[in-house]
Amino acid sequence: MKKVFVSILITFSFNAFSQKKGTIDTINCKYRENKVSICPICKTDKKVLSIFYGLTTTKFMKENKNKYYFEGCEITGCDPNWYCKTDDYKF
Ligand SMILES: [Zn+2]
């Protein structure tokens, strides 16, 4: 009985640890390869902006609204790099 209890405990703590550690698989992140700013939908970079993560000032946002797409502070480790205004699509 004790053995069973111990093995359940080990399983639980292992799962909790692995979930906490590797919530997002950054290695296999689909955005990782997106080095070029060509939109996979419209096949151009005419309306593609670089995604800006983090806090910034309203002034900076206004001055750079044609340069960056401001995504805010929520990053997961597997986040898109580009935003296409034509298709409203992040990649
Ligand atoms: Zn596009």
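**Figure 1. Ser-50 stands opposite Tyr-68 in strand β2.** This view comes from a predicted model. Ser-50 and Tyr-68 are one of the facing pairs shown here; another is Phe-52, which has Phe-70 of β2 across from it. Strand β1 covers residues 48–53 and strand β2 covers residues 68–72. The two strands run parallel and are joined by four bridges.

**Figure 2. The protein has two helices and four strands.** Read from the N terminus, the order of elements is α-β-α-β-β-β. The four strands form an open sheet, in which they are ordered β2-β1-β3-β4. The pairing within this sheet is mixed. Strands β2 and β4 are the edge strands, and each of them pairs on one side only. Of the 91 residues in the protein, 18% are buried. Among contacts with a separation of 6 or more, 52% are between residues 24 or more positions apart.

**Figure 3. A helix lies between β1 and β2 in a β-α-β unit.** The helix is α2, residues 58–63. Together with β1 and β2 it makes a unit that is right-handed. The two strands of the unit are parallel.

**Figure 4. Strand β1 also pairs with strand β3.** Here the strands run antiparallel, and three bridges join them. Which residue of β3 stands opposite Val-48? The residue is Cys-84. Cys-84 also supplies an SG atom to the zinc ion, which is the subject of the next view.

**Figure 5. Four residues coordinate a zinc ion.** Cys-39, Cys-42 and Cys-84 each contribute SG, and Asp-87 contributes OD. Why is the arrangement called tetrahedral? The donor atoms subtend angles of 105 to 112° at the zinc ion, and four donors count as tetrahedral if all angles lie between 85 and 135 degrees. Along the sequence, the spacing of the donor residues is C-x2-C-x41-C-x2-D. Cys-39 sits in the loop between α1 (2–21) and β1, while Asp-87 sits in the loop between β3 and β4 (89–90), so this pair ties together parts that are 48 residues apart in sequence. Are these two residues buried or exposed? Cys-39 has a relative accessible area of 0% and is buried. Asp-87 has a relative accessible area of 26% and is partly exposed. The cut-off for buried is under 20%.

**Figure 6. Phe-52 and Phe-70 form an aromatic pair.** The structure holds eight aromatic pairs. In this one, the ring centres are 5.2 Å apart and the planes lie at 50°, so the pair is tilted. Phe-52 belongs to strand β1 and Phe-70 to strand β2, so the pair ties together parts that are 18 residues apart in sequence. Ring pairs also join Phe-52 and Phe-70 with Phe-60 and Tyr-68 in a cluster.

**Figure 7. Tyr-69 and Tyr-83 are a stacked pair of rings.** Their ring centres are 3.9 Å apart and their planes are at 25°, so they count as stacked. The pair links distant parts of the chain, 14 residues apart, with Tyr-69 in strand β2 and Tyr-83 in strand β3. Tyr-69 is partly exposed, at 23% relative accessibility. Tyr-83 is buried, at 10% relative accessibility. The cut-off of 20% relative accessible area places these two residues in separate classes.

**Figure 8. Pro-80 lies in the loop between β2 and β3.** Strand β3 covers residues 82–84. Is Pro-80 buried or exposed? Its relative accessibility is 10%, so Pro-80 counts as buried. Leaving aside residues up to four places away in sequence, Pro-80 touches Tyr-31, Ile-51, Tyr-53, Lys-90 and Phe-91. Pro-80 and Asn-34 are 46 residues apart in sequence, and their C-alpha atoms are 8.0 Å apart in space.

Terms used:
Residues numbered from 1 in each chain as written. Predicted model: local features only at pLDDT ≥ 70, side-chain atom pairs only at ≥ 80, totals over all residues. Heavy atoms only, no water. Pairing = 2+ DSSP bridges. Right-handed = clockwise from strand over helix to strand, strands pointing away. Buried < 20%, exposed > 50% of the residue type's maximum accessible area, 1.4 Å probe, protein only. Contact = heavy atoms within 4.5 Å. Donors = N, O, S within 2.8 Å, 3.2 Å for Na, K, Ca; no water. Tetrahedral: all angles 85-135°; square planar, octahedral: opposite > 155°, others 65-115°. Phe/Tyr/Trp six-rings, centres within 6.5 Å; stacked < 30°, edge-to-face > 60°.
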